[in-house]
Amino acid sequence: MSNRAVLEVIALDAEDAVAAQAGGADRLELVTDMAADGLTPPRETFAAIRAAVDIPLRVMLRTADGFAAGTAADVEQLAARARALRAEGAEEFVLGFLDAHGNPDLAAIEAVVAELDGCKWTFHRAIDRAADRDQLRKAIAELPRSAAPDTYLTAGAAAGVDAGLPVLLAEAARRGEPGYTAQILVGGGLALSHLPVLRAAGIDAFHIGGAARPDGWSAPVSAAAVEDWRTALS
């Protein structure tokens, strides 16, 4: 069995996507507007990226900064965006919503996931802002099997991997328990120096954004930077 870890890279456009794939990325997270921490990209952007690369794409479903789903009308708008992306051929997604108390907004999550037709999806870093991570995981695990996420994108803490490392290691040790069957995808302040301890704990999926852009978010993904991560994970 392969010991290869998953490397997921944020892509804003086709240029990013081509560079990330050339550097060895296994999967892309597609977003727009990183000033708002990543929102749903236009359908046309997805189509251009899908035509440019042949690795899996996970598309963000999020229309405003923060982790609240918004009003019922906002949720319906997001569901409509999901339907349009599905019609364009999107097969994997990223989402996650909290209510005002930091609990999972199950009604909003279920409304959006209902549009995904059983597609794979990641519960994103909203988990790092949850009032109770364990409660969130167990609540999400009670969704129908076809509606549950296969991945949690997390730094272990809102402040990033440096602060969240103990949580990540503890959650990795609970693999297989109720609420802990989904893959842990570590991202958010992730550095190459974190990899040895995370890999030793059995974590096998990693997510980078700024680390793939040594010249900043105004510059495209660097294939060489992605290759450095791919080499470190080999």
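Predicted model: local features only at pLDDT ≥ 70, side-chain atom pairs only at ≥ 80, totals over all residues.
Q: Which residues of helix 1 are buried, and what do they pack against?
A: In helix 1 (residues 14-23), the buried residues are Asp16, Ala17, Ala19, Ala20 and Gly23. Against them pack strand 1 (6-11), strand 2 (27-30), helix 2 (43-52) and helix 8.

Q: Why is Arg230 called buried?
A: Arg230, a residue of helix 8 (residues 223-233), has a relative accessible area of 7%. Buried means under 20%, so Arg230 counts as buried.

Q: How do you know that the side chains of Arg230 and Asp26 make a polar contact?
A: The two side chains are joined at 2.4 Å. The limit is 3.5 Å, so the pair qualifies as a polar contact. Apart from neighbours within four places in sequence, Arg230 is in contact with Arg4, Ala5, Leu7, Gly23, Gly24 and Asp26.

Q: Is His207 buried or exposed, and why?
A: His207 is in strand 8 (residues 205-208). Its relative accessibility is 7%, and the cut-off for buried is under 20%, so His207 is buried.

Q: What does the side chain of His207 make a polar contact with?
A: The partner is the side chain of Glu8, at 2.6 Å. With neighbours within four places left aside, the residues in contact with His207 include Glu8, Ile10, Glu29 and Leu153.

Q: Where does His207 stand in relation to the largest pocket?
A: The largest pocket has a volume of about 360 Å³. It is lined by 22 residues, and those closest to its centre are Ile10, Met34, Asp37, Arg125 and His207. By class, the lining has 10 nonpolar, 8 polar and 4 charged residues.

Q: Which helix gives the largest share of the lining of the second largest pocket?
A: That share, 3 residues, comes from helix 5 (residues 133-141). The second largest pocket has a volume of about 170 Å³. Its lining divides into 7 nonpolar, 2 polar and 3 charged residues. Among the lining residues are Arg137, Ile140 and Ala141.

Q: Which residues of helix 5 are buried, and how do you know where they sit around the axis?
A: The buried residues of helix 5 are Arg133, Leu136, Arg137, Ala139 and Ile140. They cover an arc of only 165 degrees around the axis, so they are on the same side of helix 5. Their cover includes helix 4 (106-113), strand 5 (120-123), strand 6 (151-154), helix 6 (161-173) and strand 7 (183-186).

Q: What caps the N-terminal end of helix 5?
A: Asp132 does: one of its side-chain oxygens lies 3.1 Å from the backbone nitrogen of Asp134.

Q: Why is Gln135 called partly exposed?
A: Gln135 lies in helix 5 and has a relative accessible area of 32%. Buried is under 20% and exposed is over 50%, so 32% falls in between and Gln135 is partly exposed. Gln135 touches Asn103 and Pro104, not counting residues up to four places away in sequence. The C-alpha atoms of Gln135 and Pro104 are separated by 8.8 Å, and the two residues are 31 residues apart along the chain.

Note on methods:
Residues numbered from 1 in each chain as written. Heavy atoms only, no water. 1 Å grid on protein atoms, 1.4 Å probe; cavity = no way out; pocket = protein on both sides within 12 Å on 5 of 7 lines; lining within 4 Å. Points joined across faces, edges and corners; volume = space filled by probe spheres on them. Nonpolar A, V, L, I, M, F, W, Y, C, P; charged D, E, K, R; others polar. Helix = DSSP H or I, 4+ residues; strand = E, 2+ residues; numbered from the N terminus. Buried < 20%, exposed > 50% of the residue type's maximum accessible area, 1.4 Å probe, protein only. Arc of directions from axis to C-beta. Contact = heavy atoms within 4.5 Å. Polar contact = N/O pair within 3.5 Å; in protein donor to acceptor, adjacent residues only side chain to side chain.
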